[in-house]
Amino acid sequence: MTDTSSHATSMRTHLCGELRSEHIGQTVSVCGWVGRRREHGEHLAFVDLRDHSGIIQCVVDNDVDVRSEYVLRVTGVVRQRPEGTINDGLPTGQVEIGDCAVEILRQATPPPFPIDARADDVDENVRLQHRYLDLRRERMQRNLRIRSKINAAVRDSMHAQGFVEVETPMLVPSTPEGAREFLVPSRKEPGSFYALPQSPQLFKQLLMVAGVDRYYQMARCLRDEDLRADRQYEFMQLDMEMSFVTQDDVLDAVSEAVLAAAEAATGERPAPIERMSWHDAMNRFGVDKPDLRFGMELVELTDVFASTEFKAFASARTIKGIRVDGGADEFGRNQLDKLTDRAKSLGAKGLVWLKCTDDGFDSPVAKFLSDDEVAAVKAEMGAETGDLVLVVADEWETTCEVLGVLRNDIGRPPVHEGPYRYVWIVEFPLFVGHDKETGAPKSGHHPFTMPHPDDVDKFETDPMAVRSIAYDLVLNGWELGSGSIRIHEPALQRKVFRALGITEEAAERKFGFFLNPFEYGAPPHGGFAFGLDRLVAVLAGEENIREVIAFPKTQSGADPMTNSPIAGDPAAMAELGLKILPPST
């Protein structure tokens, strides 16, 4: 008697990759694509048949004319492979299908690249041009299924926590969220435009005013930004908002969904997610999205050089260093010169390198350091003979940021190596930098972010010291997403607007449709959104989110498969009242 799998259809009883020793003696039907065909004596041939679950070896008559990527239905009897032909590298390697009847469902043109791991070395534009073939590969099938598991786990977690899934509009007004928008012309209102949503931010907060209480959405968002390894024009995010909550409530809810997703993808539930203030993250790692998988933490050296006679250090506000274990031999002079150039390109005045020896430091600046300073640096850095110490002396933020980049450049492992290290970064500055034209502070997240209650009195005296109740989730150095507790009190919102240099008239013009509903009773609320593409990429061990998106764009924003973007149809352009002009410079 033949048992059947849950994937059985009228054409197949099992998937190719399901067959094992317990199926020996059963008559089965499998469907898939020909991976390889190998002659086996005068009358027989081996055909590796592949579907998304794996490969099974089929023994067919030699006169059956099947070639690479032909689509077949094979019916036969599962049997033990002969001694000496077992393939321990395949889950199905103990068995094969014999006595095969072969039905050719579709012949195929030879593909432009091999449908296996060798395609990793093929030019990406060629792979994306034929993405439907690229997706047949085991790696891509695995990534898509990891993504599906993560999506399902996130949805299950959000439902279990009482969240309601609500879809928000894709045609929205232009919003001030800091990134370029994609605009959609209105045929009914010539000269007017919709924007495609950068996020559902405004609508999800209005849902809190509406009493939905707990909202979530697997939201598609679009931003006209330059593409890179962790960014596409269109991306998916878990978007959520909660009423009557504090920061802890939001972080707990998101953590539950993220840990459930990680467990679904990897089979193991990560430890509870630790928290770290933005200031501590910058002080220790030099970035607000620290990779906690490796050491090389920034070490404070300012007090060591409090009385130094070395001019480059004497005038600096902050001096910090990082230690590269065994780096004295690893880094030659040319490499050190490149690190120095890198530091300068990031805004530092320079970079001091110190190779640790038994007698002190081997360095062009060693002669300017006292014996006490050498001993103190070694002690603070934990430096031993053979180590390399890199030191930056500058303003606090510059010192931290430069060393943070060098730390990642030198020590960060590939995304698939080491454990998964999640961390919440909290207490971001409410304001960052200043507007070049007005001189007013700029929002660190967005202008509706709640200030830390302990810092409200600093708005007039020291606005740059005001913390926010904002938070980011970081995984292995990738920022997965961000969120905040929102301002729901009009008086406090006006205070933040004034600090940002936004007049009441400008606020009404830009945000009136959003803020006026708050007058009807807005509950305390907060939310978060994290990028599903980024989470899937890290959990799948991919360095680029394009490898976990079914049909992505290239880094230039093109789609080689559809040849988009393309010129607008003249008739459609005329109906919309549009005319192409040279881009402004």
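1. Glu69 counts as buried because its relative accessibility is 3%; buried means under 20% relative accessible area, exposed over 50%, and partly exposed in between, with a 1.4 Å probe and protein chains only. Its partner in a salt bridge is Arg50, and the closest N and O atoms lie 2.8 Å apart. Here a salt bridge is a side-chain nitrogen of Lys or Arg within 4 Å of a carboxyl oxygen of Asp or Glu. Arg50 is buried too, at a relative accessible area of 9%.

2. A word on the basis. The model is predicted: local features need pLDDT of at least 70, side-chain atom pairs count only at pLDDT 80 or more, and totals for chains, interfaces and linings use all residues. Residues are numbered from 1 along each chain as its sequence is written, and side-chain values use heavy atoms, leaving out hydrogens and water.

3. How many salt bridges does a search of the whole structure find? The count is 46.

4. Take Arg139 and Glu547. Their side chains meet in a salt bridge of 3.9 Å, N to O. The pair links distant parts of the chain, 408 residues apart: Arg139 is in helix H3 (residues 138-160), and Glu547 is in the loop between helix H14 (532-540) and helix H15 (570-576). Helices (H or I, at least four residues) and strands (E, at least two) are DSSP runs, numbered from the N terminus. Arg139 is partly exposed at 26% relative accessibility. Glu547 is buried, with a relative accessible area of 8%.

5. Next, Arg323 and Asp387. Their salt bridge has its closest N and O atoms 3.3 Å apart. Arg323 sits in strand S13 and Asp387 in the loop between helix H10 (371-381) and S16, 64 residues apart. Which is buried and which partly exposed? Asp387 is buried, with a relative accessible area of 4%. Arg323 is partly exposed, at 27%.

6. Some salt bridges share partners. One network joins Asp120, Arg127, Arg131, Asp134, Arg137, Arg139, Glu542 and Glu547.

7. Now helix H11 (residues 396-411). Its 16 residues should span 22 Å at 1.5 Å a residue, and its end C-alpha atoms are 22 Å apart, so the two agree. The expected span is 1.5 Å times one less than the number of residues.

8. Buried residues of H11 include Thr399, Cys400, Leu403 and Arg407. An α-helix has 3.6 residues a turn, so residues three or four places apart point the same way. The buried residues of H11 pack against helix H6 (278-285), strand S13 (318-324), helix H9 (333-345) and strand S16 (388-394); contact means heavy atoms within 4.5 Å.
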